[in-house]
Amino acid sequence: MLSGWREVTARRPWRISAKLLIISSVVTVIGFSAICVNVMLDMRRGEEALARQTLENLATTIEADISRNIEIYDLSLRAVANNMLLPEIATVSKPVRHLILFDHATTARHFGAIQVFDADGRLTIDASTLDPMPENRGDEDYFKVHRDNPDAGLFISRPMLFRGAYSIVLSRRISDTDGGFMGVVAGSIRFSYFHELFERLSLDPADTITVLKRDRTIMMRRPFDLDVIGKNLGIQQSWKADNLKAGGSFAGQGPVDATPRLYVRSTSSGPMFVVAGKPLNAVFELWQKEAYRIGAVVLALILFMLASTLVLAREIGRRADAEDRLEEMATTDSLTGLRNRRKFDQAIDLEWRRAMRQKAPVALLMIDADHFKAYNDTFGHQAGDQVLVGIAICISDSVRRAGDCAARYGGEEFAVLLPNTSTADAFKVAETIRGKVQGWSDDGAGSTVSCGVASLAPTAGMDWSVLVAAADKALYAAKAGGRNQSVVASVPKLSLVA
């Protein structure tokens, strides 16, 4: 039916509105979710930055304490090495020699006694006793380093069992005035120093503190593990030094165990450096709880918003359907299904203005059922209604363009508006309608129609009532001429042609 396109057009704005509502809601949800995700990521970065700063302060503090004690102990080693060059050392008694060598030596319960070894590695002087037991350290790494390298300076050994306790050995070369090798002065810092240092810190059980030499040998680690102590990370292919540079940080699995941690390395350039680590799940524990809480609230709001949007969209659709039905009732003839007089007047006014702008012709067919009153009186109103319905079907089958408007003009009279149609084309349409009605009438309906045809191109100041009057006058001429025929109105003289 010709009214179908208008029904689709009438519903389209409401469908678009429902779609826009859904799209806007989805866009709002996506935007709101993006903002929440960005805020949560900022919070996560903030938690990581705070943990990184805390670990950096911790590593720097520990490294400063270790470096200070090593420096203090190294001063004692330097003093002994320098005093060994004094000429009187070889001539004075042992007690006096001890006073000369170890008068300024640092003493602490975690520091081992300083020892002096000759060029063959034999123990000659021990700060803890005047008569040391025979001992030879010629095979130790720290002795070989100083013997073979005059510029070794302060050498820190690998962790080792030294004089009955796990320690790190600090040593310096003793050279004569000509640079010749005279021996080694060595001392130790026991592991108890590191244990006591770490115990003073407030750390979680899974937090790690690792003290390393410059060659990345692990000197000490918390939690303590002898299998890890002395391990050189420089030869470990699964771990790259660039992962954790001086003053930098690294998040992930470290070289010692599989627990993902945030690691921070101290920035000092001393003989040893410190790496502090904290498990990532502990770093982000509070953030995860907050993220779950906010995520649950946001998810609930999103679900509520989407559900509300769907409900509103459905209600908009229902309202659109209701308004479509109301509009159809207001513009459609209930008996024939064609447009009613009110809709026809709106359509012809609109098309008249458009034709005036485009200087295009507008055609109008006025159609009337022949002898309808007599047929109605003879067979009754119900049979008369069936005739009107049949004529309307014939008109609808003959008028198919989107812009055409077929309407019940009143009673047994119909009107067909044909925009942008010449007189000849309009006459063909009229004859098609008349022929279909006659063919249908031959099957038993017993009814024919008369058609008045008018077509003109409107000009400024002309009203569409001129077109209606012309078509109506042509209709009367068709009826006066014997009915069951189409007559074209001659416009503007309105002379009639049968």
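I begin with the largest pocket, which holds about 280 Å³ of space. Its lining consists of 16 residues, and those closest to the pocket centre are A51, T54, D204, D207 and K278. Please bear in mind that this is a predicted model.

Which elements give two or more residues to that lining? They are α1 (3-83), β11 (272-279), α5 (280-283) and α6 (285-331). The largest share, 6 residues, comes from α1. By class, the pocket lining has 8 nonpolar, 3 polar and 5 charged residues.

The structure holds 2 cavities of 30 Å³ or more, and the largest cavity contains about 210 Å³ of space. Of the 16 residues lining this cavity, L233, W239, L244, P255 and V275 are the closest to its centre. Two or more lining residues come from each of β7 (208-213), β8 (218-222), β10 (260-265) and β11, with β7 giving the largest share, 3 residues. The cavity lining has 11 nonpolar, 2 polar and 3 charged residues.

Finally, the nonpolar packing. The largest nonpolar core has 55 residues, and I66, I168, F194 and V211 have the most contacts inside it. Helix α1 supplies the largest share of this core, 12 residues. Leaving aside neighbours within four places in sequence, F194 is in contact with I66, I168, V211 and M220. A second, separate core has 27 residues, including F372, F414, V437 and V453.

Methods
Residues numbered from 1 in each chain as written. Predicted model: local features only at pLDDT ≥ 70, side-chain atom pairs only at ≥ 80, totals over all residues. Heavy atoms only, no water. 1 Å grid on protein atoms, 1.4 Å probe; cavity = no way out; pocket = protein on both sides within 12 Å on 5 of 7 lines; lining within 4 Å. Points joined across faces, edges and corners; volume = space filled by probe spheres on them. Helix = DSSP H or I, 4+ residues; strand = E, 2+ residues; numbered from the N terminus. Nonpolar A, V, L, I, M, F, W, Y, C, P; charged D, E, K, R; others polar. Core = buried A, V, L, I, M, F, W, Y, C linked by side-chain atoms within 4.5 Å. Buried < 20%, exposed > 50% of the residue type's maximum accessible area, 1.4 Å probe, protein only. Contact = heavy atoms within 4.5 Å.
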